[in-house]
Amino acid sequence: MKRYRWLLLRRTSQLLVLALFLAGPYFDTKQLEPPADASESLNLSPIGGPVAVQSAEPAVSTGPGLGELVEGSLNSADILGILPLTDPLLFLQGTMAAGWTVMGKTAVTGVLVVLLFYLAVGGRAYCSWVCPVNMITDFAHWLRTRTGIGRHKGRLSGNERYLLLAIVLVASLISGVIAFEVINPVSILHRGLLYGLGLGWAILAALFLYDLLVEPRGWCSHLCPIGAFYSLVGRFSLVRVRFHDERCDRCGDCFPVCPEPQVLKPSISGGAPRILSGNCTNCGNCIDICHADALDFATRFRDSSQPKRETTP
Amino acid sequence: MREKSGRRRFLALSLRTVAGITIGSTLFGIYLDGEKAGAAPLRPPGSLPEEEFLGSCLRCGLCAKDCPYDAIRMATPGSGVATGTPYIEPRKIPCYMCEDIPCLQACPTGAMDKGMKHIEQARMGLAVLHDQETCLAYLGQRCEVCYRACPLLESAMTIEYRPLGPQGALFLPTVHAEACTGCGFCEHVCILDEPAIKVYDISTVKGERGAHYRKETGDETV
């Protein structure tokens, strides 16, 4: 079980986030059904008298039910009707497209809450602990390694995502439309589970096939602008993977399981006591696989007890 | 071959990046600009004009979640409405014009105008009785179903009496743009298979006189 400890926690977290949002529609406290057909909603009052259509007001709900725990979606949400949450990249695009003032106070508060949270737990913890698309792309990667489909190496460097990040921001500025939302697979999937997917399944299927057949870990580790944004946040975030240099026997098992293997290099080959790259998703795959217990979670600050590696000339 | 210097490589990379961003965002931007073209769908009450709405709506669904009647739908890819944005299809479920406007209260941004205090101020669209060839009232029957369903009876909608000589008269449902909120009850209840009255994007159907025109005859200022 220890072998899959962080993976199981991660899946639990991802599913829990989904469940909290899905609780809304499923435990909905809406009590008034819309009229089933036209005749029911017809007002049969004498002509000339102004009539209110809502003769039956929806019953007043008694306190927040399970449906009001978390409302909205990953784009913007509301916890218990008190705490707003807003996707910072979305907010940034909106600011580009419509201006700062239109966004408003609630959205700004929501962005600050989200930014503070990910500054604490690791920028791309969003990718590995929250984002529902991660389950699709992880499945594609698992299938890829299991079946040996597309054993070729990837062609992308991983810097393409920053280009895409810049493009969605500039495109928002040019067009006045929040650009990425047209194709954003994360919100299409998340909203799809809440309100219906429509043709969104095609975008998700394309993403899955791309990761399976074309580029290994193509979307999440190379292209996704949300990941790019959180990578920038991750450069400053508190929780990071700690590396115990003296315990590591350089077996290299952590590299193939890591979605961003380049982040391990400074530690495994250079002895850096923390994995500080913003690309690290804090997924814990490396911690799970390490047989020497050389990796665990800690804060980004070096602890005094940790021995410093002797620098080789 | 001379090896490229670090500076030259850096310059080349910067140039490629800038070119990539410029080309990518221009093409994407032009495509997105097309999203704004054509008639806007019916947005929830208080929504900004379509141009500004697409830049400020976070596509989060909080308005839809708080609509007690599930009138607000969230657009999916391929639905013809900008992906993830809320819209109303009155033929299915019209806007019930709640007095407390919960959808607007739920909106986390200014995409829905918080300055709108009364639901009667909403201008989601404008109802137009567009088909006089199928509308039963125009065929001489006293249908008036749309008129009776109008939440703003006698202000947004009236029955205009048009005598037809000795045969009788037509009793014609008539929409008044100065009061119609575009809630869509008329479209919802029209008893035809395809409604003869529908709510349209205001800019699609509303004419506008030039500023130099005088006001209509009968106006005291003329």
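Q: How many salt bridges are counted between chain A and chain B?
A: The structure is a predicted model, in which local features need pLDDT of at least 70, side-chain atom pairs count only at pLDDT 80 or more, and totals for chains, interfaces and linings use all residues; side-chain values use heavy atoms, with hydrogens and water left out. Residues are numbered from 1 along each chain as its sequence is written, while chains are lettered from A and ligands numbered from 1 in the order in which they are written. With a salt bridge defined as a side-chain nitrogen of Lys or Arg within 4 Å of a carboxyl oxygen of Asp or Glu, the count between the two chains is one.

Q: Which residue forms a salt bridge with A:Glu71?
A: The closest N and O atoms of this pair are 3.1 Å apart. The partner of A:Glu71 is B:Lys65.

Q: Which helix supplies the largest share of the side of chain A that touches chain B?
A: Helices and strands are DSSP runs numbered from the N terminus (helices H or I, at least four residues; strands E, at least two). Several elements of chain A each supply at least two residues of this side, among them helix 1 (5-26), strand 1 (70-72) and helix 6 (160-175). The largest share, eight residues, comes from helix 6 of chain A.

Q: How much area do chain A and chain B bury between them?
A: The contact (heavy atoms within 4.5 Å) takes 60 residues from chain A and 59 residues from chain B. Buried area is the accessible area (1.4 Å probe) that two parts lose on being put together, summed over both. Of this area, 65% lies on carbon and sulfur atoms, and the total is about 4,700 Å².

Q: Which strands stand at the edges of the open sheet in chain A?
A: The sheet has three strands in the order 5-4-6, with antiparallel pairing (at least two DSSP bridges between two strands). Each edge strand has a single partner strand, so one side of each is left without a neighbour in the sheet; these are strand 5 (274-275) and strand 6 (295-299).

Q: Which residue is the bridge partner of A:Val241?
A: Two bridges join strand 4 (residues 239-243) of chain A to strand 5 of chain A. In strand 5, the partner of A:Val241 is A:Ile275.

Q: Is A:Gln14 buried or exposed?
A: A:Gln14 is found in helix 1 of chain A. Beyond its neighbours within four places in sequence, A:Gln14 is in contact with residues including A:Trp129 and A:Met135. Relative accessible area under 20% means buried, over 50% exposed, and in between partly exposed (1.4 Å probe, protein chains only). Because its relative accessibility is 0%, A:Gln14 counts as buried.
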